[in-house]
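Biologist: I am new to this structure. Please show it, and then let us go through a few points.

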Amino acid sequence: MPVVEVSYSRLQKLIGKVSKKQISESLPFLGLDIESEEGDLVRVEYSPNRPDYSTDFGIALGMQGMLGVKTGAVKLNIKKSNYSIKVNPAVSKIRPFVTGIVAKHGRIDERMIKQLMAMQEDLHFGIGRRRKKSSIGIHDLDKISFPLTYTVANRSHSFVPLASESVMSISEIMQNTDVGKEYGRLLGSSPSVPIILDSEQNTVSFPPIINAAVTTVTPKTKNLFVEVTGMNKQDAEDMLAIVATILQSAGFALYSVRISGSGNSSPKLVPRKITVSSNLINESLGLELSIPKIISSLKKSRLDATARGKNITCTIPAYRFDIFGPMDLVEEAALGYGIQNLEPVISPSQTIGQTSPVSVKLKSLSLVMVGLGYLEGLNSSLTSKRILYDMTNREPAKTLSVLDSKSQEHTMLRDSILPGLVENMSRNIHAQYPQKLFETGTVFLQGNPIDEKVSFAAISAHQDANFTEIKSILQSALKSAFNLEVETKTMENPLFEGGRSASVVINGRTVGMIGEINSKTIENYKIRVPAAGFEVFLSGLVFE
């Protein structure tokens with residue numbers, strides 16, 4: 001978890017008329033765990049989904065609400081201006097989106113610079129996914145000549161990068177600087193790279209790698225330009241919303257930057273609305289709060305709220321992109337009401353916990369497989385189209401995808417375990433063979449409601465892996481664990497080699513598949529030896 005160091009005396013000035021004791025006692029109830037205290041300084045740990053807490057300005061905003069000093073949503077006041085960025089279509093295949101804002105007439109000291117840089121890196125690590133999805137640059141506005149152009153340059157393009165005094169080409173930056181070595185992979189082997197130039201053709205930024213030295217922010221800086229580039233427009237604007245809110249709280253006046261060209265548009269940074277039932281809040285928290293009390297609690301969490309009947313419509317500021325739906329608003333109401341005011345009660349249902357019968361049976365199966373020389377794998381139920389279908393030649397049919405996924409790797413619920421085990425093998429190609437893995441877990445099939453089944457899969461990879469070997473493993477495992485007899489009937493499956501695959505039949509029912517993994521899949525994953533595997537549904541066979 002990220003940690004930020006702040007000063008009690010500085011927080012007191014930012015929050016208003018509150019004591020050090022009030023701040024210290026309230027920090028944990030804001031979701032900030034105190035790691036250490038030394039004199040006037042306190043180090044607090046915050047959740048990565050609240051990057052606004054990476055600075056004392058963000059913490060002060062939250063604390064003002066909790067302590068009742070200022071409540072309601074923080075409203076961004078962005079004035080119109082003539083600042084603009086023109087986007088060249090050439091960037092569309094590399095890093096297509098850019099957005100930005102100007103912040104003027106602020107006061108910057110060394111502490112603020114340190115916190116801005118920490119916030120920048122936390123944003124890179126979190127919603128930026130290590131700069132892959134989006135990255136941010138903060139510049140001295142007065143060193144830049146507008147309008148700007150977001151375009152591409154070849155790798156011989158040169159400028160003086162941040163923290164350097166000498167001119168370096170793009171290739172030299174990628175090869176000889178720490179940030180170039182760490183993040184250069186994001187740009188692949190493309191001969192062209194994204195670049196931001198000012199009207200005098202001076203380099204402002206080389207995203208997502210490094211800024212130019214000429215725009216370095218120092219304690220003498222009065223005006224700032226913030227740019228965000230990324231692969232997704234909404235991710236870039238979410239990142240910008242955080243920085244804009246913090247800078248406005250720090251006393252800067254915000255000015256718009258007009259973005260145009262190649263599918264880009266100016267950022268709106270407008271609030272959105274979500275409706276929640278007062279009944280849901282009370283039932284979830286075990287309280288009987290009146291609607292005015294719920295609204296007051298939500299406003300203490302720096303949201304705006306209005307009631308219509310038993311429903312409450314909340315206005316969510318742009319920087320609170322961690323709020324997705326009604327249950328998030330239940331949490332915000334609890335924070336505003338005061339976690340310390342919630343009284344714990346003993347559950348009316350007094351029962352003694354015990355191991356689930358399903359877990360008992362799966363454990364016996366796991367022990368059998370371990371005895372047969374297999375290692376147990378544990379993959380996420382959320383996976384990707386690439387793993388489930390693209391790499392294994394399977395046709396996607398009736399997939400269950402995540403709505404508005406924030407990840408490119410976890411976008412759909414798995415309908416099969418075996419593709420994940422094949423992918424595991426690809427990550428161990430430098431380890432010694434034979435390699436043998438198995439996994440038991442839940443797979444998800446379309447239905448109303450969604451049909452969840454317990455599945456059992458295994459894979460064996462070595463020079464002599466074949467159908468006969470893997471069939472004997474399946475027969476031994478199910479016979480030993482559940483006293484089940486296994487039959488196989490010839491069947492074609494794109495995951496397996498033609499003529500070397502079959503369906504698994506138990507008690508007259510087709511319950512799975514078995515075979516030698518298709519050579520194309522082996523080649524896709526660069527696995528060095530043949531592999532064979534199986535997968536059977538245990539639901540309806542061993543479990544109800």
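Modeller: Helices (H or I, at least four residues) and strands (E, at least two) are DSSP runs, numbered from the N terminus. This is a predicted model, where local features need pLDDT of at least 70, side-chain atom pairs count only at pLDDT 80 or more, and totals for chains, interfaces and linings use all residues. Residues are numbered from 1 along each chain as its sequence is written, and side-chain values use heavy atoms, leaving out hydrogens and water.

Biologist: In which strand is threonine 99?

Modeller: Look at residues 97-104. Threonine 99 has its place there, in strand E6.

Biologist: Is threonine 99 buried or exposed?

Modeller: Buried means under 20% relative accessible area, exposed over 50%, partly exposed in between (1.4 Å probe, protein chains only). Threonine 99 has a relative accessible area of 2%. Therefore threonine 99 is buried.

Biologist: How do the axes of H3 and H7 lie to each other?

Modeller: Axes are lines fitted to C-alpha atoms, for helices over the stretch in contact, and angles run from 0 to 180 degrees between N-to-C directions. The axes of H3 (residues 56-66) and H7 (residues 233-249) come within 9 Å and cross at roughly 80°. Angles under 35 degrees count as roughly parallel, over 145 as roughly antiparallel, 65 to 115 as roughly perpendicular and the rest as oblique. So H3 is roughly perpendicular to H7.

Biologist: Which residue takes a positive phi just after H7?

Modeller: The phi is about 100°. The residue is glycine 251.
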